[in-house]
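Trainee: I have a model open and would like to go through it piece by piece. Can we start with strand pairing?

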Amino acid sequence: MKTCTALAFAICTVLSACGDSAAQAPQPASASELAAARQAIAAAGGHVSTGAAASGVNASSPTKCNAPGTQFAEARVGAVADDQGGTWAAPAAVHPGDTGTDLFNDCTGSGLNASYAAQLHTVVIDPDGVDITALIHADNYFELYVNGTFVCRDPIAFTPFNSTACRFRAKYPVTYALRAVDWEEHLGVGMEYERYNVGDGGIVAHFSDGTTTDESWKAETFYVAPLDNPTCMKIGALGARDSSTCSIKPACATRARAATCQALHFAEPADWAAPAFNDASWPAATVYTRAQFGPKEAYTRLESEFGDARFVWSRNIKIDNLVLLRKTVANR
Ligand SMILES: [Ca+2]
Ligand SMILES: [Ca+2]
Ligand SMILES: [Ca+2]
(Lines give C-alpha, C1' and ligand atoms only; values in the text may rest on other atoms or scores of the structure.)
(Ligands and ions follow the chains in the order given, each with its own letter.)
Protein backbone atom coordinates (compact mmCIF):
# COMPACT_ATOMS: atom_id res chain seq x y z
CA MET A 1 0.00 0.00 0.00
CA LYS A 2 1.42 3.35 -1.02
CA THR A 3 1.62 5.82 1.79
CA CYS A 4 1.80 9.03 -0.24
CA THR A 5 -0.65 11.75 0.59
CA ALA A 6 -2.19 13.52 -2.39
CA LEU A 7 -0.10 16.58 -1.61
CA ALA A 8 3.12 14.63 -1.49
CA PHE A 9 2.30 12.32 -4.37
CA ALA A 10 4.21 14.27 -7.00
CA ILE A 11 7.35 14.40 -4.84
CA CYS A 12 7.02 10.73 -3.96
CA THR A 13 6.64 9.82 -7.61
CA VAL A 14 9.78 11.71 -8.52
CA LEU A 15 11.80 10.16 -5.70
CA SER A 16 10.19 6.71 -6.04
CA ALA A 17 10.40 6.59 -2.28
CA CYS A 18 6.84 5.66 -1.39
CA GLY A 19 7.28 2.00 -0.48
CA ASP A 20 6.37 0.36 2.79
CA SER A 21 9.15 2.19 4.62
CA ALA A 22 8.11 5.61 3.40
CA ALA A 23 5.94 6.22 6.46
CA GLN A 24 9.12 6.40 8.56
CA ALA A 25 11.14 8.32 5.97
CA PRO A 26 11.96 11.95 6.71
CA GLN A 27 10.25 14.64 4.71
CA PRO A 28 12.15 15.58 1.56
CA ALA A 29 14.83 18.09 2.46
CA SER A 30 14.63 21.59 1.11
CA ALA A 31 16.87 22.67 -1.75
CA SER A 32 19.07 24.59 0.67
CA GLU A 33 19.36 21.57 3.00
CA LEU A 34 20.37 19.36 0.07
CA ALA A 35 22.93 21.93 -1.07
CA ALA A 36 24.36 22.08 2.45
CA ALA A 37 24.57 18.28 2.57
CA ARG A 38 26.38 18.19 -0.78
CA GLN A 39 28.76 20.87 0.45
CA ALA A 40 29.53 18.95 3.65
CA ILE A 41 30.25 15.78 1.66
CA ALA A 42 32.54 17.63 -0.74
CA ALA A 43 34.34 19.30 2.18
CA ALA A 44 34.90 15.85 3.70
CA GLY A 45 36.54 14.70 0.46
CA GLY A 46 33.55 12.91 -1.05
CA HIS A 47 33.31 12.55 -4.82
CA VAL A 48 30.19 11.45 -6.68
CA SER A 49 29.98 9.11 -9.68
CA THR A 50 26.86 8.04 -11.56
CA GLY A 51 26.24 4.68 -13.20
CA ALA A 52 28.39 1.60 -13.71
CA ALA A 53 31.78 1.17 -15.35
CA ALA A 54 31.59 0.03 -18.97
CA SER A 55 34.09 -2.75 -18.37
CA GLY A 56 36.44 -4.25 -15.82
CA VAL A 57 39.65 -6.24 -15.51
CA ASN A 58 40.37 -9.28 -13.36
CA ALA A 59 41.29 -8.35 -9.77
CA SER A 60 44.21 -10.80 -9.35
CA SER A 61 41.62 -13.43 -8.47
CA PRO A 62 40.64 -16.81 -10.00
CA THR A 63 38.96 -16.86 -13.40
CA LYS A 64 37.28 -20.17 -12.62
CA CYS A 65 37.03 -22.80 -9.91
CA ASN A 66 38.35 -26.34 -10.15
CA ALA A 67 35.18 -27.91 -8.84
CA PRO A 68 32.13 -27.70 -11.12
CA GLY A 69 29.00 -26.43 -9.44
CA THR A 70 30.77 -24.01 -7.09
CA GLN A 71 29.02 -20.65 -6.92
CA PHE A 72 31.71 -18.69 -8.69
CA ALA A 73 31.83 -15.03 -9.59
CA GLU A 74 34.95 -13.49 -11.06
CA ALA A 75 36.24 -10.45 -9.17
CA ARG A 76 36.72 -7.63 -11.62
CA VAL A 77 37.71 -4.00 -11.11
CA GLY A 78 36.26 -1.17 -13.16
CA ALA A 79 36.95 2.54 -13.39
CA VAL A 80 34.26 5.16 -12.87
CA ALA A 81 34.56 8.90 -13.37
CA ASP A 82 33.34 11.36 -10.79
CA ASP A 83 31.56 14.59 -11.63
CA GLN A 84 34.82 16.54 -11.38
CA GLY A 85 36.85 14.45 -13.80
CA GLY A 86 38.49 12.17 -11.25
CA THR A 87 38.67 8.40 -11.74
CA TRP A 88 38.01 5.75 -9.11
CA ALA A 89 38.59 2.02 -9.03
CA ALA A 90 35.34 0.18 -8.32
CA PRO A 91 34.86 -1.55 -6.03
CA ALA A 92 38.58 -1.17 -5.18
CA ALA A 93 42.08 -1.60 -6.54
CA VAL A 94 43.84 -4.71 -5.26
CA HIS A 95 47.33 -4.86 -3.71
CA PRO A 96 49.59 -6.96 -5.96
CA GLY A 97 51.23 -8.72 -3.00
CA ASP A 98 51.14 -12.32 -1.85
CA THR A 99 47.99 -14.19 -0.94
CA GLY A 100 47.85 -15.90 2.41
CA THR A 101 47.61 -19.62 3.17
CA ASP A 102 44.24 -21.27 2.58
CA LEU A 103 42.22 -22.17 5.66
CA PHE A 104 39.21 -23.03 3.54
CA ASN A 105 39.12 -22.76 -0.25
CA ASP A 106 36.75 -24.87 -2.33
CA CYS A 107 37.52 -22.98 -5.53
CA THR A 108 41.23 -23.31 -6.25
CA GLY A 109 41.86 -25.48 -3.19
CA SER A 110 40.17 -28.65 -1.96
CA GLY A 111 37.98 -27.23 0.79
CA LEU A 112 39.12 -27.35 4.42
CA ASN A 113 42.91 -27.21 4.64
CA ALA A 114 43.70 -29.15 7.83
CA SER A 115 47.44 -28.74 7.39
CA TYR A 116 47.46 -24.96 6.95
CA ALA A 117 49.70 -24.40 9.99
CA ALA A 118 52.53 -26.37 8.39
CA GLN A 119 52.22 -24.33 5.21
CA LEU A 120 52.51 -20.86 6.76
CA HIS A 121 55.51 -18.71 6.05
CA THR A 122 56.44 -15.70 8.15
CA VAL A 123 56.38 -12.13 6.83
CA VAL A 124 59.07 -10.41 8.88
CA ILE A 125 58.03 -6.87 9.71
CA ASP A 126 60.11 -6.35 12.86
CA PRO A 127 63.00 -8.87 13.18
CA ASP A 128 62.94 -8.51 16.98
CA GLY A 129 59.18 -9.00 17.16
CA VAL A 130 56.97 -12.00 17.98
CA ASP A 131 55.34 -14.40 15.55
CA ILE A 132 51.57 -13.94 15.25
CA THR A 133 49.15 -15.88 13.04
CA ALA A 134 46.00 -14.23 11.69
CA LEU A 135 42.86 -16.15 10.66
CA ILE A 136 40.58 -14.06 8.45
CA HIS A 137 37.21 -14.60 6.78
CA ALA A 138 35.81 -11.73 4.73
CA ASP A 139 32.69 -11.09 2.73
CA ASN A 140 34.28 -10.73 0.24
CA TYR A 141 37.91 -9.52 0.22
CA PHE A 142 40.59 -8.42 2.66
CA GLU A 143 44.14 -7.17 2.82
CA LEU A 144 46.08 -7.30 6.09
CA TYR A 145 48.66 -4.70 7.06
CA VAL A 146 50.63 -4.76 10.31
CA ASN A 147 52.65 -1.80 11.59
CA GLY A 148 52.13 -0.18 8.22
CA THR A 149 53.49 -3.10 6.19
CA PHE A 150 51.46 -5.27 3.80
CA VAL A 151 51.26 -8.85 5.07
CA CYS A 152 48.85 -10.74 2.82
CA ARG A 153 45.68 -10.55 0.78
CA ASP A 154 42.64 -12.69 0.17
CA PRO A 155 43.21 -15.06 -2.79
CA ILE A 156 39.51 -14.99 -3.78
CA ALA A 157 38.16 -11.46 -3.97
CA PHE A 158 34.53 -12.30 -4.79
CA THR A 159 32.94 -15.77 -4.50
CA PRO A 160 33.02 -18.52 -3.40
CA PHE A 161 33.58 -17.56 0.24
CA ASN A 162 36.92 -18.65 1.63
CA SER A 163 39.12 -18.10 4.68
CA THR A 164 42.82 -17.45 4.97
CA ALA A 165 45.72 -17.60 7.44
CA CYS A 166 48.80 -15.35 7.45
CA ARG A 167 51.80 -15.30 9.83
CA PHE A 168 54.02 -12.32 10.54
CA ARG A 169 56.67 -11.17 13.01
CA ALA A 170 55.94 -7.81 14.60
CA LYS A 171 56.96 -5.81 17.64
CA TYR A 172 54.52 -4.20 20.09
CA PRO A 173 52.79 -1.88 20.04
CA VAL A 174 51.20 -3.63 17.04
CA THR A 175 48.89 -1.73 14.70
CA TYR A 176 46.52 -4.08 12.89
CA ALA A 177 44.91 -2.73 9.74
CA LEU A 178 42.38 -4.53 7.56
CA ARG A 179 41.27 -3.29 4.16
CA ALA A 180 37.96 -4.95 3.41
CA VAL A 181 35.80 -4.93 0.27
CA ASP A 182 32.26 -6.10 -0.35
CA TRP A 183 32.79 -7.06 -3.99
CA GLU A 184 30.28 -6.39 -6.77
CA GLU A 185 29.44 -7.45 -10.33
CA HIS A 186 27.94 -4.19 -11.51
CA LEU A 187 31.12 -2.18 -11.07
CA GLY A 188 30.59 1.27 -9.62
CA VAL A 189 27.01 0.84 -8.46
CA GLY A 190 27.50 -1.67 -5.63
CA MET A 191 25.29 -4.49 -6.89
CA GLU A 192 25.56 -8.15 -7.88
CA TYR A 193 23.75 -10.79 -9.92
CA GLU A 194 21.39 -10.34 -12.83
CA ARG A 195 18.75 -9.15 -10.38
CA TYR A 196 20.89 -6.19 -9.26
CA ASN A 197 21.04 -7.27 -5.63
CA VAL A 198 22.55 -4.86 -3.10
CA GLY A 199 25.20 -7.15 -1.61
CA ASP A 200 26.53 -7.03 1.93
CA GLY A 201 29.98 -7.14 3.49
CA GLY A 202 31.50 -8.07 6.84
CA ILE A 203 34.77 -9.44 8.19
CA VAL A 204 35.94 -11.52 11.14
CA ALA A 205 39.56 -11.99 12.22
CA HIS A 206 41.39 -13.78 15.02
CA PHE A 207 45.05 -13.18 15.84
CA SER A 208 47.09 -15.68 17.85
CA ASP A 209 48.11 -13.00 20.36
CA GLY A 210 44.47 -12.90 21.47
CA THR A 211 43.46 -9.86 19.44
CA THR A 212 40.09 -10.27 17.71
CA THR A 213 37.80 -8.10 15.66
CA ASP A 214 35.24 -6.32 17.86
CA GLU A 215 33.81 -2.88 18.65
CA SER A 216 37.20 -1.67 19.93
CA TRP A 217 38.42 -1.40 16.32
CA LYS A 218 37.94 1.71 14.21
CA ALA A 219 36.14 1.40 10.86
CA GLU A 220 35.66 4.02 8.17
CA THR A 221 33.98 3.70 4.77
CA PHE A 222 35.55 4.88 1.50
CA TYR A 223 33.10 3.70 -1.19
CA VAL A 224 29.34 3.83 -0.75
CA ALA A 225 26.86 2.53 -3.37
CA PRO A 226 24.20 2.27 -4.61
CA LEU A 227 22.66 5.62 -3.71
CA ASP A 228 19.65 7.42 -5.14
CA ASN A 229 21.17 10.62 -3.83
CA PRO A 230 24.46 10.95 -1.93
CA THR A 231 23.02 13.63 0.34
CA CYS A 232 21.78 10.85 2.66
CA MET A 233 25.39 10.53 3.87
CA LYS A 234 25.94 12.29 7.20
CA ILE A 235 29.30 13.86 7.97
CA GLY A 236 30.25 14.08 11.67
CA ALA A 237 31.90 17.02 13.36
CA LEU A 238 35.35 15.50 12.86
CA GLY A 239 34.58 14.32 9.32
CA ALA A 240 33.45 10.76 10.08
CA ARG A 241 31.10 9.27 7.51
CA ASP A 242 27.75 7.74 8.41
CA SER A 243 25.54 6.16 5.73
CA SER A 244 23.35 4.32 8.25
CA THR A 245 20.29 6.37 7.34
CA CYS A 246 20.76 5.86 3.59
CA SER A 247 18.34 3.38 2.03
CA ILE A 248 19.66 -0.15 1.60
CA LYS A 249 17.04 -0.63 -1.11
CA PRO A 250 17.38 2.53 -3.17
CA ALA A 251 14.91 3.03 -5.99
CA CYS A 252 17.72 2.94 -8.54
CA ALA A 253 18.69 -0.62 -7.55
CA THR A 254 17.05 -2.32 -10.55
CA ARG A 255 18.32 -3.34 -13.97
CA ALA A 256 16.22 -0.63 -15.59
CA ARG A 257 17.41 2.19 -13.35
CA ALA A 258 20.94 1.19 -12.34
CA ALA A 259 22.47 3.75 -14.70
CA THR A 260 21.02 6.44 -12.44
CA CYS A 261 22.55 4.99 -9.26
CA GLN A 262 25.18 7.15 -7.67
CA ALA A 263 28.22 6.32 -5.57
CA LEU A 264 30.38 8.19 -3.10
CA HIS A 265 34.15 7.80 -3.18
CA PHE A 266 36.69 8.99 -0.62
CA ALA A 267 40.45 8.73 -1.17
CA GLU A 268 42.26 6.21 1.01
CA PRO A 269 45.02 8.05 2.92
CA ALA A 270 48.43 6.78 1.80
CA ASP A 271 49.44 6.20 5.43
CA TRP A 272 46.13 4.83 6.70
CA ALA A 273 47.73 1.55 7.92
CA ALA A 274 50.72 3.20 9.59
CA PRO A 275 50.98 3.22 13.40
CA ALA A 276 51.20 7.02 13.42
CA PHE A 277 48.03 7.55 11.37
CA ASN A 278 45.49 9.48 13.40
CA ASP A 279 42.20 7.55 13.32
CA ALA A 280 40.60 9.64 16.06
CA SER A 281 37.85 10.81 13.69
CA TRP A 282 36.98 7.29 12.52
CA PRO A 283 33.86 5.69 13.97
CA ALA A 284 34.07 2.59 16.13
CA ALA A 285 33.54 -0.64 14.20
CA THR A 286 29.98 -1.91 14.26
CA VAL A 287 29.48 -5.49 15.48
CA TYR A 288 26.94 -7.55 13.53
CA THR A 289 25.08 -10.60 14.74
CA ARG A 290 25.53 -14.02 13.27
CA ALA A 291 22.15 -13.69 11.57
CA GLN A 292 23.11 -10.34 10.07
CA PHE A 293 26.48 -11.60 8.82
CA GLY A 294 25.31 -15.05 7.70
CA PRO A 295 28.66 -16.88 7.99
CA LYS A 296 29.40 -19.45 5.33
CA GLU A 297 31.12 -22.82 5.51
CA ALA A 298 34.54 -21.16 5.19
CA TYR A 299 33.92 -19.76 8.69
CA THR A 300 31.63 -22.30 10.31
CA ARG A 301 33.98 -25.22 9.60
CA LEU A 302 36.67 -23.33 11.58
CA GLU A 303 34.46 -21.58 14.09
CA SER A 304 36.29 -22.74 17.21
CA GLU A 305 39.57 -21.37 15.85
CA PHE A 306 38.03 -17.93 15.43
CA GLY A 307 37.16 -17.94 19.15
CA ASP A 308 35.22 -14.88 20.29
CA ALA A 309 36.11 -12.75 17.27
CA ARG A 310 33.10 -10.70 16.23
CA PHE A 311 31.68 -9.95 12.79
CA VAL A 312 32.43 -6.30 12.11
CA TRP A 313 32.03 -3.63 9.43
CA SER A 314 31.26 0.07 9.30
CA ARG A 315 27.79 1.36 10.22
CA ASN A 316 26.16 0.17 6.99
CA ILE A 317 26.98 -3.44 6.06
CA LYS A 318 24.98 -3.18 2.82
CA ILE A 319 26.10 -0.08 0.97
CA ASP A 320 29.50 0.66 2.54
CA ASN A 321 31.62 -1.39 0.16
CA LEU A 322 35.23 -0.43 0.92
CA VAL A 323 35.97 -0.27 4.63
CA LEU A 324 39.30 0.31 6.36
CA LEU A 325 39.63 -1.01 9.91
CA ARG A 326 42.36 -0.38 12.51
CA LYS A 327 43.32 -1.35 16.02
CA THR A 328 46.54 -0.77 17.94
CA VAL A 329 47.49 -3.24 20.70
CA ALA A 330 49.98 -1.88 23.25
CA ASN A 331 51.28 -5.22 24.43
CA ARG A 332 50.32 -8.83 25.06
CA1 LIG B 1 37.33 -13.93 -0.21
CA1 LIG C 1 27.39 -3.74 -0.75
CA1 LIG D 1 29.32 -9.49 -0.38
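Trainee: Which residue in S11 stands opposite Phe 104?
Mentor: Ser 163 of S11 stands opposite Phe 104. Keep in mind throughout that this is a predicted model.

Trainee: How many bridges hold S5 and S11 together, and in which sense do they pair?
Mentor: There are three bridges between S5 and S11, and the sense is antiparallel.

Trainee: What about S5 and S6, how do they pair?
Mentor: S5 and S6 (residues 111-112) are also an antiparallel pair, with two bridges. Asn 105 has Gly 111 in S6 as its bridge partner.

Trainee: How many residues of S5 are buried?
Mentor: Five of the five, so the strand is mostly covered. The cut-off for buried is 20 or more other C-beta atoms within 10 Å.

Trainee: Change of topic. In what order do the strands of the sheet with S2 run?
Mentor: The order is S2-S3-S4, an open sheet of three strands with antiparallel pairing. S2 (56-58) and S4 (87-90) are the edge strands; each has a single partner strand, so one side of each lacks a neighbour in the sheet.

Trainee: By how much are neighbouring strands turned against each other there?
Mentor: By 25° on average, ignoring direction.

Trainee: And which residue is the bridge partner of Val 57?
Mentor: Val 77 in S3 is the partner of Val 57. S3 covers residues 76-81, and its antiparallel pairing with S2 has three bridges.

Trainee: Next, backbone geometry. Which residues are joined by cis peptide bonds?
Mentor: One cis bond joins Ala 90 and Pro 91, with omega about 0°. Another joins Tyr 172 and Pro 173, where omega is also about 0°.

Trainee: Where do those prolines lie?
Mentor: Pro 91 is in the loop between S4 and S5 (101-105). Pro 173 is in the loop between S11 (163-170) and S12 (174-181).

Trainee: How many C-beta neighbours does Ser 60 have?
Mentor: Ser 60 has 17 inside 10 Å, so this residue counts as partly exposed.

Trainee: Is Tyr 193 buried or exposed?
Mentor: Tyr 193 is exposed, because 11 other C-beta atoms lie within 10 Å.

Trainee: Now the whole chain. How many helices and strands does the protein have?
Mentor: Six helices and 22 strands. The radius of gyration is 20 Å, close to the 20 Å from the globule rule for 332 residues, so the protein is as compact as a globular protein of that length.

Trainee: What box do the C-alpha atoms fill?
Mentor: Roughly 70 × 45 × 35 Å, taken along the principal axes.

Conventions
Residues numbered from 1 in each chain as written. Chains lettered and ligands numbered in written order. Predicted model: local features only at pLDDT ≥ 70, side-chain atom pairs only at ≥ 80, totals over all residues. Pairing = 2+ DSSP bridges. Helix = DSSP H or I, 4+ residues; strand = E, 2+ residues; numbered from the N terminus. Axes fitted to C-alpha atoms, helices over the stretch in contact; angles between N-to-C directions. Buried ≥ 20, exposed ≤ 12 C-beta atoms within 10 Å, placed from the backbone. Rg over C-alpha atoms; globule rule 2.2 N^0.38 Å.
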